[in-house]
Amino acid sequence: MLTDFKRIIRTGVFNFFRNGFVSLASVLVLVITLFMVGSLVFFSAAMEAALTQISGKVDVNVYFVTGASEDAILSIKRDLESLPEVASVTYTSREEALETFRARHENDFQTLQALEELDDNPLGAALNIKAKEASQYESIARFLENRNNAASVASAGQIIDKINYYQNKVVIDRLSRIIDSAETLGLAIVIVLAFISLVITFNTIRLAIYTSREEISVMRLVGADKRYVRGPFLVEGFMHGVVAAVIVLVLFYPLTYWLGGAAERFFGSVNLYSYYLAHFGQIFLIIILSGILLGVGSSYFAVRRYITKKYLKT
Amino acid sequence: MIHFDKVSKIYSGNVAALDDVTFSVAPGEFVSIVGHSGAGKSTVLKMLLVEEWPTSGSVFFESTDVHALHARDIPAYRRRIGVVFQDFRLLPHKTAYENIAFAMEVAGRDDAEISSDVPEVLRLVDLKDKMWNFPDELSGGERQRIAIARAIVNQPDVIVADEPTGNLDPKNTKEIIEILQRINELNTTVLLTTHNKGVIDSLGKRVLTMERGKIVRDDKKGRYVL
């Protein structure tokens, strides 16, 4: 059993090198397929990063009427912070709002002058709210509405001037839909390409084994059992997979380095190169395992035809 | 030892490759099967090797009906028969040594046996100096001698040779037949198909003559009659 195993591996390794050109073809085709698999990983990572980044930019501002007391605003802030959906709440006082306004319009002399004409600070205080997930803004906005209405019933007067969620809503929705469909479309394209190269891989290996069908029949006539005929082909397939995987992993190194900057500008936050380095372990496993699975799997199915055919009664 | 019992093989379209073939071969016999192309000589051998299934009738090896063997037992059965073909059928990516060693490996022999037996059997066919050559570096006669070495290395009970001299010149033909005779003298049953008159006449052994799937003559000390 152990000697059989040793012999099968040795024969497989020998065949790999003796069938040099066939091995080269199989490895190249596998490289393309594994490259597709790797691109799939990078693509979904980039898309995910873009989505998180855009969701991070989404927030809701609550503007208060100028007469609202700081205590009332801070009590709303405390209530908001106690909500499970809320990630953070930042308070901007009236004075700070004025400062920001001045800073923003420091070159706009007319606006500043108009501001000077006024007796009082025209800007109200504001709360900036970030939710943990984009879909939660709706319920936060509703919470504030209810609270505002409750306050007016208690005749304490409505202190909320406006909530800008309803203006942002359309933009937020559209953005997440665009990202969603871009992701789906991109995934679909990569999956189709991966499938095509999978078929090509399978066919190449089948052709490679087709050239060995005479050999397989001789092996069987000499009295080799299935396992012994198939073994070396599986070993060869394994080697094709591993070699192709290593080539792909090496190729990704300069490629992500080169594309990293461009992709960073396009998708936002993610740099493919640093992503590759940071997730090398995972990507390594995905590529190597897909390579082995493809190589060994295609060999298994391709040899099976020539082994079982002759055993069937006609 | 080998018994064909009313074996017929009919391919689609009512073409009978074998038609009610019955004969027996005793252990240690040297039997030649002669006949024109398409007479059914090779089909007889394929039946014995379980490469073909009969339409009716059965083939016995010792007391086993070989076509009733389970698929997983066929390899072990085939190892009891050494096969030599007209087109040699060596494994092209293996050297002469490895081709012979392969037959021993599949029979589960250990490395020590292989490294002692392979040079031995190569000496028997007089090719010890070509041990590390690949088949395409050898002449036809040399390839056929490698094939014979591969067939006998596991000391099978029967050697089946399907027109082994079909591709060879007279000198090589003579050598191959002499090797087969030597093997037969060591008490191995030999089954030979040929259409070489000279070979049959020089052997002076039992001859089965086939015509259109039937055995038409069975001569104890046969001559080539067709």
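This is a predicted model: local features need pLDDT of at least 70, side-chain atom pairs count only at pLDDT 80 or more; totals for chains, interfaces and linings use all residues.

**The four-stranded sheet**

Those strands belong to an open sheet of four strands in chain B, with the order β2-β1-β4-β5 and antiparallel pairing. Why is one side of β2 and of β5 left without a neighbour in the sheet? Both β2 (15–25) and β5 (64–65) of chain B stand at the edges with a single partner strand each, so one side of each has no neighbour there. For β5(B), look at strand β4 (residues 56–61) of chain B: two bridges join β4(B) to β5(B), and the two run antiparallel. If you want to find one of these spots on screen, go to Phe60(B), whose bridge partner in β5(B) is Asp65(B).

As background, strands of a sheet pair through backbone hydrogen bonds, and they can do this either parallel or antiparallel.

**The six-stranded sheet**

Chain B also has an open sheet of six strands, in the order β6-β7-β8-β3-β9-β10, and here the pairing is mixed. Its edge strands are β6 (81–85) and β10 (214–219) of chain B, each pairing on one side only. On average, neighbouring strands in this sheet are turned by 15° against each other, direction ignored.

How do β6(B) and β7(B) run, parallel or antiparallel? They run parallel, with five bridges joining β6(B) to strand β7 (residues 158–162) of chain B. Along this pair, Ile81(B) stands opposite Val158(B) in β7(B). Helix α5 (residues 140–152) of chain B lies across β6 and β7 of chain B, and its direction is at about 170° to β6(B).

**Where chains A and B meet**

Now for the other chain. On chain A, 25 residues are in contact with 29 residues of chain B. The area buried between the two chains is about 2500 Å², and carbon and sulfur atoms give 55% of that.

What about charges? The structure holds 25 salt bridges over all chains, and five salt bridges are found across the interface of chain A and chain B. Here are two salt bridges with one partner in each chain:

| Residue in chain A | Residue in chain B | N to O distance |
|---|---|---|
| Arg18(A) | Glu98(B) | 2.9 Å |
| Asp225(A) | Arg79(B) | 3.9 Å |

Take Arg18(A) and Glu98(B), whose side chains meet in a salt bridge. Arg18(A) lies in helix α1 of chain A and Glu98(B) in helix α3 (residues 96–106) of chain B, so the pair joins two chains.

The interface also has nine residue pairs in polar contact. On the side of chain A that touches chain B, the elements giving two or more residues are α1 (2–18) and α8 (213–221) of chain A. Sorted by class, that side of chain A has nine nonpolar, five polar and eleven charged residues.

Methods: Residues are numbered from 1 along each chain as its sequence is written. Chains are lettered from A and ligands numbered from 1 in the order in which they are written. Side-chain values use heavy atoms; hydrogens and water are left out. Two strands pair if DSSP finds at least two bridges between them. Axes are lines fitted to C-alpha atoms, for helices over the stretch in contact, and angles run from 0 to 180 degrees between N-to-C directions. Contact means heavy atoms within 4.5 Å. Buried area is the accessible area (1.4 Å probe) that two parts lose on being put together, summed over both. A salt bridge is a side-chain nitrogen of Lys or Arg within 4 Å of a carboxyl oxygen of Asp or Glu. A polar contact is a pair of N or O atoms within 3.5 Å; within protein, one must be able to donate a hydrogen and the other to accept it, and residues adjacent in sequence count only if both atoms are side-chain atoms. Ala, Val, Leu, Ile, Met, Phe, Trp, Tyr, Cys and Pro count as nonpolar, Asp, Glu, Lys and Arg as charged, and the others, Gly among them, as polar.
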